[in-house]
Amino acid sequence: MTATVTTPSSIESIPTGLFIGGQWRDAADGRVFDVENPATGAVLAVVADAGPSDGDEALAAAVAAQSDWARTAPRYRSEILRNAFDLVMSRQDWLAEVMTSEMGKPLAESKGEVAYAAEFLRWFSEEAVRISGDHTTTGDGANRIIVTREPVGPCVLITPWNFPLAMGTRKIAPAVAAGCTMVLKPAPQTPLTSLALAAIMQEAGLPDGVLSVVNTTDAATVVVRWMSSGKARKVSFTGSTGVGKLLLRQAADTVMRSSMELGGNAPFIVCADADIDAAVEGAIAAKMRNMGEACTAANRMYVHRDIAATFSERLAERMAALRVGNGLDSSTQVGPLIDAAGRAKVQRLVDDALERGAKALTGGQLPEGPGYFYPPTVLADVSTESELMTTEVFGPVAPIVPFDNEDEVIRRANDTDWGLVGYVFTQDVDRAFDLAERLEVGMVGVNNGVVSNPAAPFGGVKQSGLGREGGKVGIDEFLEYKYFSVPRRRGR
């Protein structure tokens with residue numbers, strides 16, 4: 001472990017209240033909650049803890065601002081987003097320190113997330129001025145068909161703790177570009193990053209009421225009121241499949257538009273002809289990003305039996321060499337997990353696999369000392385009956401299962417309720433496309449351990465979600481079609 005690092009003073013500059021209707025304020029009942037550094041357990045800040053009335057006020061502000069905001073010029077919205085992009089990038093180091101302090105990832109990864117998050121602001125600043133429609137004539141020539149696209153209306157945005165800045169901009173940016181107002185509920189583990197983003201959006205010129213940020217430990221009450229109000233017309237959620245299903249049930253009552261980016265159980269397939277060194281590096285990228293706390297993380301590694309031993313040894317060597325410690329130390333490569341519950345889950349899954357015959361090539365045991373650290377772990381000869389083969393690990397654990405043929409590995413890879421992303425490593429182009437097409441997922445990394453990009457449509461199939469974020473289609477989730485039928489004068 002690296003030495004304890006002092007909490008950065010930059011935390012002190014972040015507003016810790018609720019951001020409602022363009023104003024920073026305390027919770028109505030004065031409630032607050034602590035934000036902790038998962039590397040040390042130290043309290044970073046005390047932030048306002050919204051209750052139901054605070055949530056109601058935030059949604060009322062969004063409803064009040066919607067009409068005027070929808071009528072703003074696309075270029076005006078575009079320039080706000082571009083201003084926000086410039087501000088985020090100019091404060092990359094500061095935002096990275098804030099993020100690392102409250103959720104643990106190494107500073108290098110946090111800086112990468114800041115750049116990734118900023119790119120959504122720039123991408124959708126360009127999409128704002130490209131919202132198009134259609135014009136045609138009915139088949140009988142009697143009418144003109146004019147199709148426009150309009151903002152869906154006030155939106156409920158709910159973001160997770162693992163990528164607090166990127167998941168915020170990935171939802172806020174297309175909503176702003178489309179002309180929607182919004183209420184944002186960040187995860188209680190990482191509200192500081194969202195509050196910092198709200199301050200930046202305000203500085204960039206976003207009008208009062210277009211975005212409100214409501215920190216709360218009582219999401220069940222606050223969000224339910226938003227969902228049942230009939231005033232919010234769209235919900236966009238990133239998080240667990242269980243919570244996503246609950247929100248979908250609530251959305252059904254008022255027939256809300258819904259976007260869901262839910263859990264994953266990503267298969268990582270290494271064929272016999274793969275470049276083993278490239279596959280190992282791809283596995284590190286796909287498994288260890290964010291300490292494995294990512295829905296895109298490689299959850300099940302299927303390696304052809306002919307190379308399984310070699311791949312396992314090389315991966316274990318690379319994983320064992322990673323430096324674990326406080327993310328604020330620049331030499332750290334693996335930070336802590338988010339909390340005690342997350343770490344306990346990882347250990348339970350590892351213990352289950354070991355009891356079923358798996359061998360720990362590295363890691364597998366809880367370290368001593370403060371913080372929620374877990375060592376990078378490689379498990380060989382994992383039984384397909386192990387719980388971690390059907391459960392999203394959300395930690396730095398790589399379970400390896402050998403396979404003998406492509407039909408077998410595709411059957412195993414698709415034998416899951418989830419379908420967010422899959423990975424294929426092979427030097428045969430035809431095999432790569434064949435396996436990629438047969439995988440029941442929304443995204444495939446072919447000889448690539450990182451699939452996320454603002455220019456690409458992010459999302460999954462089956463119980464991994466509904467809709468797509470990013471790319472050319474990301475703004476569609478915040479737009480409705482409207483059709484005008486206009487009589488047409490006929491010629492002779």
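Me: In β22, the bridge partner of N143 is P487. How many bridges join β6 and β22, and in which sense do they pair?

Reply: The model is predicted, so local features require pLDDT of at least 70 and side-chain atom pairs pLDDT 80 or more, whereas totals for chains, interfaces and linings use all residues. Residues are numbered from 1 along each chain as its sequence is written, and side-chain values use heavy atoms, leaving out hydrogens and water. Strands are DSSP runs (E, at least two residues), numbered from the N terminus, and two of them pair if DSSP finds at least two bridges between them. Here β6 and β22 (residues 479-487) pair in the antiparallel sense over nine bridges; V147 has Y483 of β22 as its bridge partner.

Me: What is the strand order of the open sheet?

Reply: Its three strands follow the order β5-β6-β22, with antiparallel pairing. β5 and β22 are the edge strands, each pairing on one side only. From one strand to the next, the twist averages 20° (axes are lines fitted to C-alpha atoms; angles run from 0 to 180 degrees between N-to-C directions).

Me: How many bridges join β5 and β6?

Reply: β5 (residues 134-137) and β6 (residues 143-151) pair in the antiparallel sense over four bridges. T136 has I145 in β6 as its bridge partner. Five residues lie between the strands of this hairpin, where G141 takes a positive phi near 80°.
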